[in-house]
Amino acid sequence: PWQDTPATPEGLAVRDAIVAADNRYLREAERIFTNSRIVSERLQRFNDLESEVLYPPLGQPDTFTAGKAEDFFFYPSRILGHKRQRLVVEAAAHLKTDARVVIAGVPDEPDQLAILQDEIARNKLEDRVDLIPRWISEEEKADLMARSAGVLYVPFLEDSYGYVTLEAFHAHKPVITTADSGGPLELIEAGVNGLVVDPDPVSLAAALDTLRADPDAAAAMGERAYQVLQDRDINWDHVVSSLLG
């Protein structure tokens, strides 16, 4: 994110230009809505502007439904550095149960895919990690999510909860994330509707093993995850009424 631009003269100039542009047009708004507390906090910190968090719902939430859990955990996302698919592959080398991982998404750069493929080959994880390096349809994603034992979403300092989190909650699945993931932590509560772990392979593997070893507990977390959607009013009726209110 631009807020974390290195403190070089060039970096500071870019940051100041963005802050100035935000100040120029955002101060004309009667109300400002953001997609997360993180973004609201940044607006307060850099622009001294108040805002309201209004979590955006899925476009077609009914696409994602519950299904019988199988032996794999699903991570759908673009493959790039800050989404940290490599961390997930590294964690697979430490699994103690029969848990598997399915990673699906388009790599932003060819070398991002090569990194994962090399890691899988080096640790002989072909039976542990299923890599689908392409765009998948909403239907395919919903099917994999419905059949998963749980969902992974481990970005670094994401500025929103991430649609992956919301899709998982609609599918009644717990989500495993990391303590530095940012926005997802606004919805994922450790031990309630998912697990929150340190961003290292051993801790992540332990979380996968925990849910795989206790499917009843994982299912209960998934039900509580779905309840979050009602508790937080994450739906289009609420969005429309908030914007018109």
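Ring pairs join Tyr55, Tyr161 and Tyr163 into a cluster. The model is predicted: local features need pLDDT of at least 70, side-chain atom pairs count only at pLDDT 80 or more, and totals for chains, interfaces and linings use all residues. Residues are numbered from 1 along each chain as its sequence is written, and side-chain values use heavy atoms, with hydrogens and water left out.

A pair of aromatic rings is described by the distance of the centres and the angle of the planes. Rings of Phe, Tyr and Trp (its six-membered ring) were paired if their centres lie within 6.5 Å; planes under 30 degrees apart count as stacked, over 60 as edge-to-face and the rest as tilted. By this rule the count is three aromatic pairs. In one of them, the ring centres of Tyr55 and Tyr161 lie 5.6 Å apart with the planes at 50°, so the pair is tilted. Tyr55 sits in the loop between strand E2 (52–53) and strand E3 (72–76), and Tyr161 in the loop between strand E6 (150–152) and helix H6 (163–170), so the pair ties together parts 106 residues apart in sequence. Helices (H or I, at least four residues) and strands (E, at least two) are DSSP runs, numbered from the N terminus.

Accessibility was computed for both partners. Buried means under 20% relative accessible area, exposed over 50%, and partly exposed in between (1.4 Å probe, protein chains only). Tyr55 is buried at 11%. Tyr161 is buried at 2%.

Tyr75 and Tyr153 form an edge-to-face pair, with 6.1 Å from centre to centre and 90° between the planes. Tyr75 belongs to strand E3 and Tyr153 to the loop between E6 and H6, so this contact ties together parts that are 78 residues apart in sequence. Tyr75 is buried, with a relative accessible area of 0%. Tyr153 is buried as well, at 2%.

Charged side chains were examined next. Side chains of opposite charge can pair when their charged atoms come close. A salt bridge is a side-chain nitrogen of Lys or Arg within 4 Å of a carboxyl oxygen of Asp or Glu. The whole structure contains 15 salt bridges.

Asp71 and Arg100 form one of these bridges, with an N to O distance of 3.1 Å. The pair links distant parts of the chain. Asp71 lies in the loop between E2 and E3, Arg100 lies in strand E4 (residues 100–104), and the two are 29 residues apart. Asp71 is partly exposed at 22% relative accessible area. Arg100 is also partly exposed, at 24%.

Other bridges lie within a helix. Arg86 bridges to Glu90, their closest N and O atoms being 3.3 Å apart. Both residues are in helix H3 (residues 85–92); they are four residues apart, so about one helical turn separates them. Arg86 is partly exposed at 40%. Glu90 is partly exposed at 22%.

In helix H5 (residues 138–147), Lys141 and Glu138 are three residues apart, about one turn of the helix. Their side chains meet in a salt bridge of 3.1 Å, N to O. Lys141 is buried, with a relative accessible area of 12%, whereas Glu138 is partly exposed at 33%.
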